[in-house]
Amino acid sequence: MDTPSMRHAPPRLERPSPIAFILLLAFAAFFISGFSSANIHPERLMNGVTNLGTFFGEATPPNFARWDVIAIAMLETFQMAIVGVVFGVILSLPIALLCARNTSPHPVVRVISRNVVATLRTVPDLVWALIFVVAVGLGPLAGILAIIMDTIGFCARFFSERVEEVDPGPGQALAATGASRTGVVCGAIIPECTPSFVATSLFSVEKAVRSAVVLGLVGAGGIGVELSASMSLFRYDQALTVILAILVVVIGVEQVSAWIRKRVI
């Protein structure tokens, strides 16, 4: 006996439109061009595997002779990430209120604020670090400023989206009692969004710790300076120690962040 699924065969794929077909060909050509420009050959891949084995052979066992210097650099990296995220989150909140449709004072202000946040988010944190290294010189300050810019671009966007999703009922009730616009924001909108704000901020901390490691490679301070120096001097055993320190801190931050999110959300 035929079942309904046997009587109704699944529809066949529709033939793509001419525009979709042209776009598909363009994507295929772009992909093939990118693959060809990478110069991927079996010999090169085999040499890469051999060189990777040489690296791990020279890096093992890790050299802990400079563990105190590495620990101080790792602490500097973590402090740089925390300071940058704290200032970035504080600045993100008012900017997010200007970006949100239900809290922005004027559509023009909202458009300008969104474009500013989009610009901050579009520029990579490494580029921000290079800019601030030129502006304020080498050291953690350049890294902190870069992380602030990157955090604003990340948090302000998600903060504003969460503000736009709030239930308008409590705010309307406060407004009906004579509360000002600021009172509605502080008494209804922000309390409802706080768990989401905390979760986003914790993700920013995880992101900033990983970014701070890379920022050190361009002179923005922290553990990245030690990693760059070890690799440049071919001291792979010290480089492995730095990598292990980074791994421990990143995993620790992620575990603590997950624990806090479970408690807050």
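This is a predicted model: local features need pLDDT of at least 70, side-chain atom pairs count only at pLDDT 80 or more; totals for chains, interfaces and linings use all residues.

Biologist: What makes up the lining of the largest pocket, by class?

Modeller: There are 6 nonpolar, 3 polar and 3 charged residues. D167, R181 and E192 are among the residues lining that pocket, and Asp, Arg and Glu count as charged. G171 is in the lining too, and Gly counts as polar. The space there is about 190 Å³.

Biologist: Which element gives the most to that lining?

Modeller: α9, with 6 residues. The elements giving two or more are α8 (168-176) and α9 (181-215).

Biologist: Why are α7 and α9 called roughly antiparallel?

Modeller: Helix α7 (residues 140-164) and α9 pack at an angle of about 150 degrees. Angles over 145 count as roughly antiparallel, so α7 and α9 are roughly antiparallel to each other. Their axes are 9 Å apart, and the crossing is right-handed. By class, the contact of α7 with α9 has 14 nonpolar, 6 polar and 4 charged residues.

Biologist: And what makes a space a cavity and not a pocket?

Modeller: In a cavity, a 1.4 Å probe fits but cannot get out. The structure holds 1 cavity of 30 Å³ or more, and D150, T151, F154, S204, K207 and A208 line the largest cavity. The elements giving two or more residues to that lining are α7 and α9. By class, the cavity lining has 2 nonpolar, 2 polar and 2 charged residues.

Notes:
Residues are numbered from 1 along each chain as its sequence is written. Side-chain values use heavy atoms; hydrogens and water are left out. On a 1 Å grid over the protein atoms alone, a cavity is a set of points where a 1.4 Å probe fits but cannot get out, and a pocket is an open set with protein on both sides within 12 Å along at least five of seven lines; lining residues have an atom within 4 Å of a point. Grid points are joined across faces, edges and corners, and a volume is the space filled by probe spheres set on the points. Helices (H or I, at least four residues) and strands (E, at least two) are DSSP runs, numbered from the N terminus. Axes are lines fitted to C-alpha atoms, for helices over the stretch in contact, and angles run from 0 to 180 degrees between N-to-C directions. Angles under 35 degrees count as roughly parallel, over 145 as roughly antiparallel, 65 to 115 as roughly perpendicular and the rest as oblique. A crossing is left-handed if the near helix is turned anticlockwise from the far one by less than a right angle, and right-handed if clockwise.
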